[in-house]
Amino acid sequence: METIKAIFFWLGGVIIQPIPELVVRELYDQPIENIVIQNRLYLGELIQELYIGQIDGRSYCRMAVHQCQSALEAEDLETKITHRAALQPLILETVDTLPSSYQRWLISDYPAEWFRPIAERLDLFSCFQEERLVFTSSCRLTRLVPDIFYHIVHRSNQSIKDCMIIDSVTPRAIQAVRHGLSSTIFVDAKRLKRDFSLRKMLA
Amino acid sequence: MFYTKQIVLDTAGNFSVVNVTDQVRDFVTSTGVKHGQVLVFYKHTTGAVIIGEHEAGIIADLQDMFERIAPVLHDYKHHLKGVDFNGHAHMRSTLMTINVTIPILEGELLLGNYQEILVIDDQTEPAPRHLVIQVSGE
């Protein structure tokens, strides 16, 4: 029987778009599956470096622009990312349906310098407390998965079995389950609310 | 009438699961077909299309089951060919389905509450994966 006490929401893919989706849209204006495989693989590896803080947001943009031979400047790409990040439909309303007895955490895979303007513009702090915010880039992780799971469990001061993670990335959600957390694959807010309801988490 | 669309999926392989329910639903809607069926067909021999629940625990259990039946590390005869070493993926693919058919009524997919259309890519390296969606009806 689950006794969830802390719920962790990934910023990219659950609350707002994942970074790669925004970047590919700005660089190519078409879905990622239409991009040549070499550039897709390159961007896929590069984003991992950003996630764990091996490179900062500006460097990431510079390298992505260079690899994709875009006419954009890295600074412009950064600006577009922070300006065009948008909430997933009904997501904050869905998060707000959770009783206050649950600790709500936000895992930001966006670097801090991108997160701040986005959070202010989208009013994320109306839903998440600043002290329950984790930047993957600041955790000194060797690798994102599974290290991030143990980091967030430690930060929340909860038992791993009492932690739940909401993730749009299926392999990561599966890894979370394998490491003892509860996890839900995020598809949309409606389905997430149904999942909370099935788990009898709503008041 | 028949309406056919091919899509390319971006997956990392190694039992990646992609939920294509919304893409199928959107295509059905775009055709205007009210009564008929939609075929979803996977154009590879190292993966599958299934109807299932997109839930992390179920997928982990499915992976575990296939690891018992057709483990990644095994002396598959296919490997003697020396081209690739994905015998497990071929075996697993034959045990699953490479296509599913869903009825359409009043323009809607007749899926159950927890049924979703999932593509499983078990190729050992990332590569473009092709899927055919074919709507027939009126």
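**Figure 1. The three-stranded open sheet of chain B in the predicted model.** The strand order is β2-β7-β4 (chain B), and the pairing is antiparallel. β2 (16-19) and β4 (47-52) of chain B each have a single partner strand and stand at the edges, so one side of each lacks a neighbour in the sheet. From one strand to the next, the twist averages 25°. Strands in a sheet are held in pairs by backbone hydrogen bonds, in either the parallel or the antiparallel sense.

**Figure 2. Pairing of β2(B) with β7(B).** β2(B) and strand β7 (residues 116-121) of chain B run antiparallel and are joined by four bridges. Asn19(B) has Leu118(B) as its bridge partner in β7(B).

**Figure 3. Strand β3(B) and its pairings with β5(B) and β8(B).** Strand β3 (residues 35-42) of chain B is joined by seven bridges to strand β5 (residues 99-105) of chain B, and the two run antiparallel. Seven bridges also link β3(B) to strand β8 (residues 129-137) of chain B, again in the antiparallel sense. Gln37(B) can be followed into both pairings: Pro103(B) stands opposite Gln37(B) in β5(B), and Ser136(B) is the bridge partner of Gln37(B) in β8(B). Side chains in a regular strand alternate between the two faces of the sheet.

**Figure 4. Helix α3(B) and what covers its buried residues.** In helix α3 (residues 87-95) of chain B, the buried residues are Gly87(B), His88(B), Ala89(B), Arg92(B) and Ser93(B). The cover over these buried residues includes β4 and α2 (56-69) of chain B. β4(B) is also one of the edge strands of the sheet in Figure 1. With 3.6 residues a turn in an α-helix, residues three or four places apart point the same way.

Figure 5. Val187(A) lies in the loop between β5 and α9 (189-198) of chain A. Val187(A) counts as partly exposed because 17 other C-beta atoms lie within 10 Å, and 20 or more would be needed for a buried residue. The C-alpha atom of Val187(A) is separated by 30 Å from that of Met63(A), 124 residues apart along the chain.

**Figure 6. The side of chain A that touches chain B.** Contacts involve 15 residues of chain A and 15 residues of chain B. On the chain A side, α2 (37-51), α8 (170-178) and β5 (182-185) of chain A are the elements that give two or more residues. α8(A) gives the largest share, seven residues. Sorted by class, this side of chain A has ten nonpolar, two polar and three charged residues.

Figure 7. Chain B has three helices and eight strands. The C-alpha trace of chain B spans about 50 × 30 × 20 Å along its principal axes. Of its 138 residues, 29% count as buried. Among the contacts in chain B with a separation of 6 or more, 83% are between residues 24 or more positions apart.

Notes: Residues are numbered from 1 along each chain as its sequence is written. Chains are lettered from A and ligands numbered from 1 in the order in which they are written. This is a predicted model: local features need pLDDT of at least 70, side-chain atom pairs count only at pLDDT 80 or more; totals for chains, interfaces and linings use all residues. Two strands pair if DSSP finds at least two bridges between them. Two residues are in contact if their C-beta atoms, placed from the backbone, lie within 7 Å. Ala, Val, Leu, Ile, Met, Phe, Trp, Tyr, Cys and Pro count as nonpolar, Asp, Glu, Lys and Arg as charged, and the others, Gly among them, as polar. A residue is buried if 20 or more other C-beta atoms lie within 10 Å of its own, exposed if 12 or fewer, and partly exposed in between; C-beta atoms are placed from the backbone. Axes are lines fitted to C-alpha atoms, for helices over the stretch in contact, and angles run from 0 to 180 degrees between N-to-C directions.
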